[in-house]
Amino acid sequence: MCLNFDFVFYAGISLKTQELYATVFATRYLDIFTDYISLYNTVMKLIFLGSSFSIVWYIRHHKIVRRSYDKDQDTFRHYFLVLPCLFLALAMNEKFTFKEVMWAFSLYLEAVAILPQLVLLQRTRNIDNLTGQYVLLLGAYRAFYILNWIYRYFTEPHFVHWITWISGLVQTLLYADFFYYYFQSWKNNVKLQLPA
């Protein structure tokens with residue numbers, strides 16, 4: 001008996017978005033080399049970095065996974081997002097030091113990192129359940145952060161982080177269209193499709 005496992009590991013997942021997230025975490029967690037906060041914090045940062053770069057490696061190089069990645073559809077020029085985010089970080093940061101500018105850059109880049117994924121989903125119009133839930137959970141993660149910020153604003157004195165708040169709001173607004181179509185498909189029990 002011969003079993004044929006023809007898995008579609010990363011169909012519908014944007015390598016461009018994964019590369020942007022790897023860049024986000026690499027620039028956000030530069031303090032891992034200079035500031036020890038806790039074992040949990042260090043391990044969490046290592047997991048984020050390791051998993052982000054592993055996903056990029058798998059999509060690019062793993063012989064089975066790379067066959068399921070559709071690079072012909074994933075054509076968003078994500079490098080054009082990096083430079084404006086860097087300029088914005090140089091202009092708007094909490095303190096003009098290398099680590100703080102890179103931290104601001106990571107926030108600005110994270111706000112727009114989902115764009116290649118959303119464009120890919122619009123192009124393919126074939127959104128499987130796993131990919132749809134992945135994007136939904138990425139957006140929900142940020143929406144819950146906003147709830148956390150609101151709570152902390154009212155319970156912690158002097159909790160004001162404009163850069164974090166504005167970039168998080170922008171990121172959540174980018175997901176709003178996807179959320180709408182996701183919940184419409186769920187409510188009507190139909191396959192998720194984004195308008196072209």
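Entry 1, α4 against α5. This is a predicted model, so I am reading a prediction here. I looked up how helix α4 (residues 79-91) and helix α5 (residues 98-112) sit together: their axes come within 8 Å and cross at roughly 140°. Antiparallel would need an angle over 145 degrees, so I have to call α4 and α5 oblique to each other. The handedness of the α4 and α5 crossing came out as right-handed.

Next I listed who touches whom. On the α4 side I find Leu81, Val82, Cys85, Leu86, Leu88, Ala89 and Leu90. They meet Val101, Met102, Ala104, Phe105, Tyr108, Leu109 and Val112 of α5. Sorted by class, the α4 contact with α5 has 14 nonpolar residues, no polar ones and no charged ones.

I went on to helix α6 (residues 115-124) and helix α7 (residues 129-155), which pack at an angle of about 150° with their axes 12 Å apart. That angle makes α6 roughly antiparallel to α7. The crossing of α6 and α7 is left-handed. From α6 I noted Gln117, Leu118 and Leu121, and from α7 Thr131, Tyr134 and Val135. I sorted this contact too: the α6 and α7 residues split into 4 nonpolar and 2 polar, with no charged ones.

How many salt bridges does the structure hold? I get 6. One that I wrote down pairs arginine 60 with glutamate 19, with 2.3 Å between the closest N and O atoms. Arginine 60 is in helix α2 (residues 39-61) and glutamate 19 is in helix α1 (residues 15-28), so this pair ties together parts that are 41 residues apart in sequence.

I stepped back and checked the secondary structure: 8 helices and 0 strands. Reading from the N terminus, I get α-α-α-α-α-α-α-α. The C-alpha atoms fill a box of roughly 60 × 40 × 35 Å along the principal axes.

Residues 37-59 are 91% helix and 0% strand, and their end C-alpha atoms lie 32 Å apart. Residues 163-183 are 100% helix and 0% strand, with 30 Å between the end C-alpha atoms.

Technical notes: Residues are numbered from 1 along each chain as its sequence is written. This is a predicted model: local features need pLDDT of at least 70, side-chain atom pairs count only at pLDDT 80 or more; totals for chains, interfaces and linings use all residues. Side-chain values use heavy atoms; hydrogens and water are left out. Helices (H or I, at least four residues) and strands (E, at least two) are DSSP runs, numbered from the N terminus. Axes are lines fitted to C-alpha atoms, for helices over the stretch in contact, and angles run from 0 to 180 degrees between N-to-C directions. Angles under 35 degrees count as roughly parallel, over 145 as roughly antiparallel, 65 to 115 as roughly perpendicular and the rest as oblique. A crossing is left-handed if the near helix is turned anticlockwise from the far one by less than a right angle, and right-handed if clockwise. Contact means heavy atoms within 4.5 Å. Ala, Val, Leu, Ile, Met, Phe, Trp, Tyr, Cys and Pro count as nonpolar, Asp, Glu, Lys and Arg as charged, and the others, Gly among them, as polar. A salt bridge is a side-chain nitrogen of Lys or Arg within 4 Å of a carboxyl oxygen of Asp or Glu.
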